[in-house]
Amino acid sequence: MDVGYYYKARSSLRAAIAEFFADYVAVDTPIVVPTPGVEVHMRYHDTHWVDVHGKRCSGWLRSSPELHMKRLCAQGLKQIYQLGPCFRAAEDSPWHGLEFYMLEWYAAPMSYEELMYQTEAFLKHCFLSSSTRKLTEFTRLSVYECFEAFLGIQLVDCDPGLPSLLKEAGVFSITEADDFESAYYKAMLEVIEPRFASKSVLLYNYPPSQGVLSHCVKGRAQRVEGYIDGVEITNGCVELLGQKNNRLRLQAAKERRECLGYESPDLDEDFLKSCDQLPLSLCGSACGFDRLLALILGESSIRSLV
């Protein structure tokens with residue numbers, strides 16, 4: 001791709017984002033952090049340096065700015081956004097990069113329905129501002145609907161029998177070593193997400209185990225992911241409030257990571273202390289900037305970008 005064309009398109013998308021969030025406060029948060037993220041299956045980059053006293057120090061490169069941005073919300077900011085670099089190990093593939101740019105935003109008060117409407121409006125705005133292509137109208141599907149419609153399975157969160165059910169449904173990559181979580185991801189990647197090709201989709205109402213810091217209502221995590229042409233492009237939720245609730249979820253995720261042999265950073269105590277001051281009805285969402293740009297330019301992966 002021509003370098004000039006690429007950077008003009010990148011600049012145009014940045015401008016479209018700034019226009020959409022004109023009423024929000026643009027913020028910047030640390031890249032080197034004590035706790036890089038909260039997801040069970042994400043792998044993290046560590047980093048080391050020697051300080052002015054000759055002491056060897058260590059930290060992590062953030063996988064997202066989530067924890068620090070929520071701390072800003074706890075201090076009184078109600079509408080904020082940030083665009084900046086993030087880092088994730090073991091994610092080098094056509095739609096993943098070890099280093100990438102992420103857009104993340106938070107708003108309060110905002111309802112679950114308003115979050116979904118805003119996600120649709122944001123993606124349509126970016127395409128209208130930066131591309132000649134017009135997005136198809138968004139289809140809304142719950143995760144539970146997808147498992148029933150595409151696999152004939154009534155999904156039950158943390159069901160140890162899910163691998164067997166998926167094997168019977170024809171998900172041939174399932175092995176005896178798979179637990180609920182790994183089987184769930186295989187079903188999503190191999191069967192459900194490919195059904196979203198050439199479509200604009202909002203996937204909502206996740207199993208609680210798949211919404212680490214999402215608020216849950218009637219056994220459903222209020223999480224929503226946006227897909228364009230089968231590619232996950234946004235990931236948002238109604239945020240979980242309260243220090244006790246957040247600590248329980250994060251501790252469970254940490255213990256699960258330890259069982260899997262993954263890096264196990266300490267919990268971010270400053271974030272947890274702030275959770276009791278988070279505003280009511282806080283919603284947050286993240287968007288892969290590089291993915292969005294590639295889709296706008298009609299590219300088949302982020303690797304084709306400069």
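His 45 of strand β3 (residues 45-50) stands opposite Leu 61 in β4. The model is predicted, with local features needing pLDDT of at least 70 and side-chain atom pairs counted only at pLDDT 80 or more, while totals for chains, interfaces and linings use all residues. Residues are numbered from 1 along each chain as its sequence is written, and side-chain values use heavy atoms, without hydrogens and water.

Strands here are DSSP runs (E, at least two residues), numbered from the N terminus, and two of them pair if DSSP finds at least two bridges between them. By this criterion, β3 and β4 are antiparallel partners over six bridges. Five residues lie between the strands of their hairpin, where Gly 54 adopts a positive phi near 85 degrees. Strand β4 (residues 56-61) is also joined to strand β2 (residues 32-33) by two bridges, again antiparallel, with Val 33 opposite Trp 60.

Turning to β5 (residues 79-87), eight of its nine residues are buried, so this strand is largely enclosed by the rest of the structure; buried means under 20% relative accessible area, exposed over 50% and partly exposed in between (1.4 Å probe, protein chains only). Nine bridges pair β5 with strand β6 (residues 99-107) in the antiparallel sense, and Gln 82 faces Glu 104 of β6 across this pairing. With strand β1 (residues 25-26), β5 pairs in the parallel sense over two bridges; there Tyr 81 is the bridge partner of Ala 26.

Back in β3, Trp 49 counts as partly exposed, at 36% relative accessibility.

Technical notes: Helices (H or I, at least four residues) and strands (E, at least two) are DSSP runs, numbered from the N terminus.
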